[in-house]
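Please open the model in your viewer and keep the selection panel at hand.

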Amino acid sequence: MGLNLKVNLGNIELQNPVMTASGTFGYGDEFEKLIDLNALGGISIKGTTLEERQGNPMPRIIETSGGMLNAIGFQNVGIDRFIKEKYPYLKKLKAKTFVNMTANTVEEFGVLAKKIDELDQIGGVEVNISCPNIKAGGINMGTDSKMAASVVREVKKNTSHHVMVKLTPNVTDIKVIAKAVEEAGADSISLINTLVGMAVDIKTRKSKIANVISGLSGPAVKPVAVKLIWEVVNTVKIPVVGIGGISTAEDALEFLIVGASAIQVGTANFYNPRATIEILEGLKSYMKENKINDINEVIGTFES
Ligand SMILES: Cc1cc2nc3c(=O)[nH]c(=O)nc-3n(C[C@H](O)[C@H](O)[C@H](O)COP(=O)(O)O)c2cc1C
């Protein structure tokens, strides 16, 4: 009998649990010569904003021990160009597209959601709430449960698509935010976004990143991510997508075992463009070795 790798995120079915993480896989097409995009479960596109953005000044990426710091600042083509230039390619793929989006006001999230609602062949939207609300004095929407909930309500009001809400790990208690977005109507939760960090050049005594504050990702963040995902899985009933330092099938399995219904691969795409495919093959080998026919038999089997 064939192996079943299909997983459900509520009302959405993915052909397998391996997705790519936003900002590390462009709009998919850049990887078409390197891997078979049709083999993936899903693709989360670069964070899309209402207007096209050039992002932060350079340098905006550096390598760290077991990871990297970035402060790209949402360089992207903007929602209208995405719809015109990128969506026609993505919609033909078997991998489900998740339109990752970000905005600086609650209202702007609504406008984006309405535009995305017109795209009939996507898996859903992924709402990145880790951004400052410029109307509310720059408070990060992902760290304030009331604001996070109002973003989700606004997005839900404007789209009938699956709404995945991406959480930041930079909070005191992730459970409070997870509960708030679930109650506001999120269909699933993905986490973690990057951990805030900083790095100093000891010769110049200046920041190694022009923006000073940046986000840490890669293998170094994996244990933090696994713990936060486990907490969220035990707090909400909606499906959870695990992200953070995944570069091998063994990494992915840790997330599935603690209860993630799917996973996203981020930084690993930069140093191993075939990481997603290798993870997929590794999951199949694990299933065969352990006589598991259905990947769903692995999800949430953590023994505490
Ligand atoms: C260069 C870079 C750009 C990113 N851009 C976005 C983005 O636009 N939107 C978003 O939600 N997350 C973004 N992320 C966060 C990743 O999607 C992911 O949540 C995070 O890096 C942790 O996963 P990883 O350790 O596998 O990279 C970015 C990460 C990196 C490294």
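Throughout this tour, a contact between two residues means that they have heavy atoms within 4.5 Å of each other. The model is a predicted one, and the selections below should be read with that in mind.

Begin by selecting Ala148, which sits in helix α3, the stretch formed by residues 145-158. Leaving aside residues up to four places away in sequence, Ala148 touches Ile129, Met141, Ile177 and Val181. Is Ala148 buried or exposed? Its relative accessible area is 0%, and therefore Ala148 is buried, the cut-off for that class being under 20%.

Now zoom out until the whole chain is in view. The protein contains eight helices and 18 strands, and its C-alpha trace spans about 55 × 50 × 40 Å along the principal axes. A compact globule of 304 residues would have a radius of gyration near 19 Å, and because the protein has 18 Å, the two values agree. Of the 304 residues, 55% are buried. If you display contacts with a separation of 6 or more, 70% of them are accounted for by residues 24 or more positions apart.

Next, select helix α1 (residues 79-90) together with helix α2 (residues 106-117), whose axes come within 10 Å and cross at roughly 15 degrees. That angle makes α1 roughly parallel to α2, because angles under 35 degrees count as such. The crossing of these two helices, α1 and α2, is right-handed. To see where they meet, show the side chains of Ile79, Asp80 and Ile83 in α1, and then those of Leu112, Lys115 and Ile116 in α2. Colouring this contact of α1 with α2 by class will give four nonpolar residues, two charged residues and no polar ones.

Finally, move to Lys222, which lies in helix α5, a helix that covers residues 222-233.

Notes
Residues numbered from 1 in each chain as written. Predicted model: local features only at pLDDT ≥ 70, side-chain atom pairs only at ≥ 80, totals over all residues. Heavy atoms only, no water. Helix = DSSP H or I, 4+ residues; strand = E, 2+ residues; numbered from the N terminus. Axes fitted to C-alpha atoms, helices over the stretch in contact; angles between N-to-C directions. Parallel < 35°, antiparallel > 145°, perpendicular 65-115°, else oblique. Left-handed = near helix turned anticlockwise from the far one by under 90°. Nonpolar A, V, L, I, M, F, W, Y, C, P; charged D, E, K, R; others polar. Rg over C-alpha atoms; globule rule 2.2 N^0.38 Å. Buried < 20%, exposed > 50% of the residue type's maximum accessible area, 1.4 Å probe, protein only.
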